[in-house]
Amino acid sequence: EGILQETQFLDDGTIEAKIERLKKNYALVNQEVELLSQYDKKSYHNTNKIEELLTKRNEISIYIAFLGSNSLNSLDTCADLIKDFDTDFKDCILALQYYKVGQEKKAFEIFYGYFKNRKGILNHYLINKVYGLLLYKYEQYNLAIPLLRTATEKRPEDTESHRILKEIYSSLNMRQEEQIEKNILAVLGESV
């Protein structure tokens, strides 16, 4: 568990292990809610404790959806998991769903709306990669760079993100960064 929390990589195995741990925590919280619900529901202590546990259960659900949405194959499950919650992260899942079915313009519009008033980057591989690729497609290179860099930090073996970064750096005459990406691609076995 300690190793999983130290690493910044988000490969499928790490995500699966984190989700399994969260599912166990979810089950424990559910058991505690059921146990407390059997007692006097009018008790101030029980009511507050149940409320805290329900909040914790919701947070676990949202985090499972956050982790699970790093795969295009689990987006529907993730959307179902948080459909009843008040979170704008649903927009990111929706944008990924549109991207998955080839509606890139709609995906771009949703991502743009989500990120336009945000500072910083989500700690999420797939969202950064997809939005970075869309920004690249629309020639918004300076906005694409930090997203694609984050995607490559999460999945260093992702040759597509490295290739796009190399092309962006070439377009912006950032020769040193372009060469670094060429070197990375060579190490990954890609011809440059």
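## Aromatic pairs

The count of aromatic pairs comes to 10. This structure is a predicted model. One of the pairs joins Phe-108 and Tyr-131, whose ring centres are 6.0 Å apart; the planes stand at 40 degrees, so the pair is tilted. Phe-108 belongs to helix H6 and Tyr-131 to helix H7, so this pair ties together parts that are 23 residues apart in sequence. Phe-108 and Tyr-131 are both buried.

Tyr-131 also pairs with Phe-111, and that pair is tilted too, with 5.2 Å from centre to centre and 40 degrees between the planes. Here again the partners come from two helices: Phe-111 lies in H6 and Tyr-131 in H7, so the pair ties together parts that are 20 residues apart in sequence. Both Phe-111 and Tyr-131 are buried. Which residues make up the aromatic cluster? Phe-108, Phe-111, Tyr-112, Tyr-114, Phe-115, Tyr-131 and Tyr-138 form it.

## Nonpolar cores

The largest nonpolar core has 37 residues, and Phe-89, Phe-111 and Ile-127 touch the most other members. Several helices each supply at least two residues of this core: helix H3 (44-68), helix H4 (75-82), helix H5 (89-100), H6, H7, H8 and helix H9 (159-171). The largest share, eight residues, comes from H7.

Leaving aside residues up to four places away in sequence, Phe-89 touches Ala-65, Phe-66, Ser-69, Ile-82, Tyr-114, Leu-122, His-124 and Ile-127.

## Salt bridges

Side chains of opposite charge can pair when their charged atoms come close. In this model the count comes to nine salt bridges. One of them links Glu-20 and Lys-23, with 3.5 Å between the closest N and O atoms. Glu-20 and Lys-23 are three residues apart in helix H2 (residues 12-37), so about one helical turn separates them. Glu-20 is partly exposed, with a relative accessible area of 37%, and Lys-23 is partly exposed at 43%. Another salt bridge joins Lys-105 and Glu-109, at 3.2 Å from N to O. Both residues lie in helix H6, four residues apart, which is about one turn of the helix. Lys-105 is exposed, with a relative accessible area of 56%, whereas Glu-109 is partly exposed at 39%.

Glu-104 and Lys-137 form a salt bridge whose closest N and O atoms are 2.4 Å apart. Glu-104 is in helix H6 (residues 104-115) and Lys-137 in helix H7, so the bridge ties together parts that are 33 residues apart in sequence. Glu-104 is partly exposed, with a relative accessible area of 23%; Lys-137, at 49%, also counts as partly exposed. Which residues are linked in a network of salt bridges? Lys-129, Asp-158 and Glu-160 are linked in this way.

## Cysteines

How many disulfides does the structure hold? The number is zero. Cys-78 is in no disulfide, and the nearest cysteine sulfur, in Cys-92, is 12 Å away. From the side of Cys-92, the closest cysteine sulfur is that of Cys-78, also at 12 Å, and this is too far for a bond, because a disulfide needs the two sulfur atoms within 2.5 Å. Cys-78 is buried, with 4% relative accessibility, and Cys-92 is buried at 0%.

## Thr-150

Thr-150 has its place in helix H8 (residues 141-154). Is Thr-150 buried or exposed? Thr-150 has a relative accessible area of 12%, so it counts as buried. Not counting residues up to four places away in sequence, Thr-150 touches Ile-121, Leu-122 and Asn-128.

## Confidence in the model

The mean pLDDT of the protein is 90, and 93% of the residues reach 70 or more.

Where pLDDT is low, the predicted coordinates should not be read in detail.

Note on methods
Residues are numbered from 1 along each chain as its sequence is written. This is a predicted model: local features need pLDDT of at least 70, side-chain atom pairs count only at pLDDT 80 or more; totals for chains, interfaces and linings use all residues. Side-chain values use heavy atoms; hydrogens and water are left out. pLDDT is the predictor's confidence in each residue, from 0 to 100. A salt bridge is a side-chain nitrogen of Lys or Arg within 4 Å of a carboxyl oxygen of Asp or Glu. Buried means under 20% relative accessible area, exposed over 50%, partly exposed in between (1.4 Å probe, protein chains only). Contact means heavy atoms within 4.5 Å. A nonpolar core is a set of buried Ala, Val, Leu, Ile, Met, Phe, Trp, Tyr and Cys residues joined through side-chain atoms within 4.5 Å. Rings of Phe, Tyr and Trp (its six-membered ring) pair if their centres lie within 6.5 Å; planes under 30 degrees apart count as stacked, over 60 as edge-to-face and the rest as tilted.
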